[in-house]
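Subject: Structure for your review

Dear colleague,

My notes on it follow.

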Amino acid sequence: MKRLEDKVIVITGAALGLGYATALVAAKEGAKLSLVDYNGETLAKAKKSILREYPATEILDIIADVSDEAAVKAYVDQTVKAYGRIDGFYNNAGIEGRQAPMTEYDLEVFKKVIDINLLGVYFGMKYIIPVMQQQQYGRIVNVASVGGIRAVMNQTPYVASKHAVSGMTKNAALEYGRYGIQTNAIAPGAILTPMVAEAFKQVNPADPKKAEDEYAQANPTKRLGKPEEVGKLVCFLLSEDCSYVSGQVIAIDGGQSNSYGNV
Ligand SMILES: NC(=O)c1ccc[n+]([C@@H]2O[C@H](COP(=O)([O-])OP(=O)(O)OC[C@H]3O[C@@H](n4cnc5c(N)ncnc54)[C@H](O)[C@@H]3O)[C@@H](O)[C@H]2O)c1
């Protein structure tokens, strides 16, 4: 039996990067998918390419902005209408914002990062937890970041929002563990997705590959992470195999966040 056989899994930010990579692993593991993203064009492409690899996968694709509470309620309702339940929730959609020192940070961008990364994650749990409570079963994986456990230069709102995700994860685990709901967060380091590629362009517009190589040198493994490596961890946390891990913020960063000084 596959690890997620017939489990209904909702993934936000599913069109690209970590969301898409996790959707692929979940499809391989037999899940029925509800894929949510605010970019309808890339979401349609993602659905097509998952079906090319795993043609038997049931996929509901929903265009929604996770920072819009009504849209979140609607994607949850649509998923329940289609599948009758929600077993796992990968609460992943997020943005980095711009890179700037704290005192110079653009307020509009600051608010947008908080709206998507903090409120978007909260709204998702607000509407999915009651479904899981009814079932007396659920697995939630929120996406924090190493920026949810450590400081990161020039990324104040991102770090604030991701620390909030770590905190909300611990609270959800505390408040809803009695209903068979286990909630964890992952804290990825630099994983080579479109979001991270964009960050390297900001660091060194003339030579983003150089910025990437320099960044990798600070990692004990001397490389960046791969999206599918994150997908495999998430699918374990979304499965019944994850039966007594809850309220944890699990770093997936090659060990980098433990270091002090040069590696
Ligand atoms: N890639 C990394 O190294 C890394 C590290 C730490 C944390 N993260 C976190 O992982 C998550 C995914 O990052 P990624 O690197 O895959 O990013 P990405 O930019 O490659 O993909 C993000 C996806 O989310 C969608 N999205 C963004 N805002 C949305 C919204 N408001 N509503 C619906 N969909 C939205 C985008 O359209 C896109 O498809 C984010 O929360 C990010 O902060 C990533």
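The model is a predicted one. In β4, G88 is the bridge partner of I9. That residue pair belongs to the pairing of strand β1 (residues 8-12) with β4, which run parallel and are joined by three bridges. β4 is also joined to strand β5 (residues 138-143), again in parallel, by four bridges; here N91 has N142 of β5 as its bridge partner.

The side chains of a regular strand alternate between the two faces of the sheet. In strand β4 (residues 88-91), G88 and Y90 point one way, F89 and N91 point the other way, and all are buried. Together with helix α4 (residues 107-135), β4 and β5 form a right-handed β-α-β unit.

Helix α1 (residues 17-28) has 12 residues, which at 1.5 Å a residue should span 16 Å; its end C-alpha atoms are 17 Å apart, in agreement. Because 10 of these 12 residues are buried, α1 is largely enclosed by the rest of the structure. Among the buried residues are G17, L18, G19 and A21. After α1 comes G30, with a positive phi near 95°.

Yours sincerely

Notes:
Residues are numbered from 1 along each chain as its sequence is written. This is a predicted model: local features need pLDDT of at least 70, side-chain atom pairs count only at pLDDT 80 or more; totals for chains, interfaces and linings use all residues. Side-chain values use heavy atoms; hydrogens and water are left out. Buried means under 20% relative accessible area, exposed over 50%, partly exposed in between (1.4 Å probe, protein chains only). Helices (H or I, at least four residues) and strands (E, at least two) are DSSP runs, numbered from the N terminus. Two strands pair if DSSP finds at least two bridges between them. A crossover is right-handed if, with the strands pointing away from the viewer, the path from the first strand over the helix to the second runs clockwise. The expected span of a helix is 1.5 Å times one less than its number of residues.
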